[in-house]
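Colleague: I am new to reading protein models. Could you walk me through some features, one at a time?

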Amino acid sequence: MEKGRRDKSGIGGNKPSIEISVRHLVEFILRGGDIDNRRHVNITDAMLEGARVHRKIQGNQGSDYVSEVPLSININCDFYDITVSGRADGIITRVDKITVDEIKGMYADVEKLSEPVPVHLAQAMCYAYIYARQEKLDRISVRMTYCSLGKDSIRFFESDLSFEYLSKWFNDLIEEYKRWAEFEIKWAVCRDDSIHAAVFPYDYREGQKELAGNVYRTIVHKKKLFLEAPTGVGKTLAVLFPSIKAVGEGKAGKIFYLTAKNAGARVANETFGLFRERGLKFKTVNLIAKEKYCINDCCECNPEKCPYAEGHFDRINDALFELLTGYDDYTAGMIRDHARKYKVCPFETALDLSLFCDGVICDYNYAFDPRARLKRFFSQGAQGEYIFLVDEAHNLVDRGREMFSADLRRKDIAAVKKKIRGLNRALTRHLNELDRLLKKREEETTGEYRLFPDTDDIAVSAGRFAGIYEDVTKDHPIDDDEVLQFYFSVRSFLDIYEVLNEKYRIYGKNEGRDGFVFRLYNTDPSDNLGLCLENAVSTVFFSATLLPVRYYMELLSGKEDDYAVYARSIFDPKKLGVFISGDVSSKYNRRSQSEYAKIAAQINEIINIHNGNYMLFFPSYDFMEKVYEAFAVICKDDVKCMVQDRKMTESERLLFLDAFDKYGGLSDTESDMITHVDERCSDIQSKTADDRDNKITLVGFCVLGGVFSEGIDLTEESLIGAVIVGTGLPMVCTEREILREYFEKSGLDGFDYAYRFPGMNKVLQASGRVIRTENDTGITVLMDERFNDRCYKNLFPREWVNIRSVSTGKMTGIADFWKGGAT
């Protein structure tokens, strides 16, 4: 489905118009039936095969057949025009009659069709009406030509229609569409007027107006901007306000606010809400995962398992119109409520809403991941009038690598073999062949892993399996989630195979119980991300930590002419004390009980200098737990500890943070919940007013790079210190070593690109939890001897001034800071 496009000639007093294609008009207004995810067709293959069939049929026609005839009609409405256009597959002109030919390729057996598919026939009837009106014909014939893809068997359906009949039918169709067109026209005027009147909601902070100006100029010049803006600059407002203004000025049609985590989406929703409170008319939807929208007992999208999938397309337009004309901020709860009311799928409803919204807030996946990309916006070769705002953009490097990598696992094949045995001989034969080729690669992988030069034979075999699967399931769906997921993994592997280049490494690895994996690994995602970025007129990558910026520019866009801006912090640098403890280390060769005890002793010294709330960040759960065990023996009774659990639920994470917001105070119920998370938290009790006056210390033991090290706001006394143990280096593993080798061969420092830069980003993110507002005062303590090395200090932000050294028994610098900087 695609909504109509508003012609910009409607701006400035001219009569506005809506442009829509014949196909999208009939597929939208006349859609009906069920959602059914059990039947699968590869869209790209189908399009290529369909184009081939069209050319073949058209080429076999006689001289009276004219193919690919452009047709258009303008409908004059009260205060706007509708332009409907398209291209008829063929016009056959004979002495006795004129026929409009519409060709459709189908994987189904066309011999089993008893009549044309209604939306196909409607498309042909639109062309027939436009042509008959244009040529002043009293009658015209419509021919539906169906061809079975792969088999080339053809079936015709033909009917002779009067212009009078077609005219009434077409006018009824347009009447049904008018409510949508009028909504779009009126909403666009209302929205743009409100944007023109919009002002920045607060007084600009220092440097914030300059940031907003940089963003606007980037959009106007259709460029990309890498924006590093320290906490407190107000970067969300600074990127959203000029982007909204650009929409109102016709520089773009829609904003995609792309996030890595829920916290980013929440901030975006709140910021749009802030503008709406001040009069902005701007429709936004927050797209979340299908499973989180689902209101059925099980998330299986077919009419046999889900009552909301059955007949969804019969009811969706009424549900959609009520939402569009009644609300502007589409939350998941609202969408679920309307889905129940109209008995439609909430996820598909949200996707349809996104077409009409001015802003879409969603995960990176919806813009970049070939498995989840919103094809209604980002189909191959399409360029839209979109602005991409990429929040916490430092996350996109590793996310991009994962999105554009794919693998096949022999363990999965073994499981699927059992499920499909006896179903189809050809399907089983091709699956066995795929398994044989993977087994051969497994036998050739004698070490931990092995790089392979190509994967052509495996791709051919996987393609044959996928083709047979699609052919089998079009008539006989396989109702098994494990088989379905394996098909998706095969199709993903084939999609990635199509984009393989020198920035990929192909490797095989034996993973113990998980068996052999054969992987296409995208070491440098810049090419793939770059193609996705072409869907937008402009992109702004922003984060508090984009150091070194050249690293992110190279791996996220690869363009030398992109813009880069480092925003100056508005906070007094003297309010953050930065300290390095160089007499401890998290290096593997130093890890021992004595080293854990030494780190615990230093932490105990630090928190005893000044009471308050601290977060401690460690390189792993195991390391964290070892230090906690040593710390628990020596800490004072009035120090309350909370420990991040490996399997925390969302509600448990919120309780963890809530304890800091309350200065460590928890109700009995909350304390019981935290105790359930980890029995070591059981000593946390509710605080009295006197406790708060005495500033009893709360210490959170957390994992560096985890959920508590970025995307959280604990202001003022909610958090006064972060102690970061280790340089955050990723664990040495197959893919990190492949990365190091790849970048070294590219003439770069492989260790920097594979380990140091990603590690320091985690350190800087964790440190950024301390100073969130101009009223905050706090400390960051970096505990590892390597922080004294120049290669790490070069990655420190410019706001870190007067960095001082501390060590066991020598914490004078921290004491002096609190005497001079604490309130």
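**Strands, core and cavity**

Modeller: Let us start with a strand pair. In this predicted model, strand β13 (residues 386–391) runs parallel to strand β18 (residues 536–543), and six bridges link the two.

Colleague: What is the strand order in the open sheet?

Modeller: Read across the sheet, strand by strand. The order of its eight strands is β11-β10-β12-β9-β13-β18-β8-β19, and the pairing is parallel. The edges are β11 (329–330) and β19 (563–566); each has a single partner strand, so one side of each lacks a neighbour in the sheet.

Colleague: Which residues does F388 touch?

Modeller: Leave out residues up to four places away in sequence. Then F388 touches F256, L258, A367, F368, F378, C532, L533, N535, A536, S538, T539 and V540.

Colleague: Which residues touch the most other members of the largest nonpolar core?

Modeller: They are F256, L287, F368, F388 and M615, in a core of 188 residues. Helix α4 (residues 163–197) contributes the most to this core, eleven residues. A separate second core has 36 residues, among them I599, I607, V643 and F701.

Colleague: How do I read empty space?

Modeller: Roll a probe the size of a water molecule over the atoms, and it shows where empty space is left. Here there is one cavity of 30 Å³ or more. The largest cavity holds about 120 Å³ of space.

Colleague: What lines the largest cavity?

Modeller: Its lining has 16 residues, with C294, C301, C306, C345 and P346 nearest the centre. Twelve are nonpolar, one is polar and three are charged. Helix α11 (residues 346–356) supplies the largest share of this lining, three residues.

Technical notes: Residues numbered from 1 in each chain as written. Predicted model: local features only at pLDDT ≥ 70, side-chain atom pairs only at ≥ 80, totals over all residues. Heavy atoms only, no water. 1 Å grid on protein atoms, 1.4 Å probe; cavity = no way out; pocket = protein on both sides within 12 Å on 5 of 7 lines; lining within 4 Å. Points joined across faces, edges and corners; volume = space filled by probe spheres on them. Helix = DSSP H or I, 4+ residues; strand = E, 2+ residues; numbered from the N terminus. Nonpolar A, V, L, I, M, F, W, Y, C, P; charged D, E, K, R; others polar. Core = buried A, V, L, I, M, F, W, Y, C linked by side-chain atoms within 4.5 Å. Buried < 20%, exposed > 50% of the residue type's maximum accessible area, 1.4 Å probe, protein only. Contact = heavy atoms within 4.5 Å. Pairing = 2+ DSSP bridges.
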